[in-house]
Amino acid sequence: MSDLLKKAISLGWGLTIMSKEKVESIVDDLVKRGELAPSESKQLVEKLIERGSEEQSKFKELVNEQVRSALQNMGLATAKEVEELTRRVAELEIQLAELQQP
């Protein structure tokens, strides 16, 4: 696993995988223990959910980037390249069929 992917995982993994209910539960516990004012709880939940969403987007992009890089390094054809080759083969088959007609 590349260092970039490892950093992405450690950077925001906690918020990325947490559900809204879990975040709300943690914030409620902070309020119950007196570590957070009740008036601040909703704002903190929204901020944590937003941060989690941002981290999830960043994580997905990093994973996509790593997959693209790995596929490129393997020398595999892209879907677009396969489509182009398929189109060219179809054209050549037509030309060949025309040449073989008496």
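Helix H2 has 13 residues and stretches 18 Å from its first C-alpha to its last, close to the 18 Å expected at 1.5 Å a residue. Keep in mind that this is a predicted model.

|---|---|---|---|---|
| H2 | 20-32 | 18 Å | Gly 34 | positive, near 80° |

Now, how do H2 and H3 pack against each other? Angles over 145 degrees count as roughly antiparallel, so H2 and H3 are roughly antiparallel to each other. The crossing of H2 past H3 is right-handed.

Which residues make the contact? From H2 come Lys 20, Val 23, Glu 24, Val 27, Leu 30 and Val 31, and from H3 come Pro 38, Ser 41, Leu 44, Val 45, Leu 48 and Ile 49. Sorted by class, that gives 9 nonpolar, 1 polar and 2 charged residues. Look at the numbering as you read those names: an α-helix has 3.6 residues a turn, so residues three or four places apart point the same way.

Finally, which residues of H3 are buried? They are Ser 41, Val 45, Gly 52, Glu 55, Phe 59 and Leu 62. Ser 41 and Val 45 turn up here as buried residues, and they also belong to H3's side of the contact with H2.

Key:
Residues are numbered from 1 along each chain as its sequence is written. This is a predicted model: local features need pLDDT of at least 70, side-chain atom pairs count only at pLDDT 80 or more; totals for chains, interfaces and linings use all residues. Side-chain values use heavy atoms; hydrogens and water are left out. Axes are lines fitted to C-alpha atoms, for helices over the stretch in contact, and angles run from 0 to 180 degrees between N-to-C directions. Helices (H or I, at least four residues) and strands (E, at least two) are DSSP runs, numbered from the N terminus. Angles under 35 degrees count as roughly parallel, over 145 as roughly antiparallel, 65 to 115 as roughly perpendicular and the rest as oblique. A crossing is left-handed if the near helix is turned anticlockwise from the far one by less than a right angle, and right-handed if clockwise. Contact means heavy atoms within 4.5 Å. Ala, Val, Leu, Ile, Met, Phe, Trp, Tyr, Cys and Pro count as nonpolar, Asp, Glu, Lys and Arg as charged, and the others, Gly among them, as polar. The expected span of a helix is 1.5 Å times one less than its number of residues. Buried means under 20% relative accessible area, exposed over 50%, partly exposed in between (1.4 Å probe, protein chains only).
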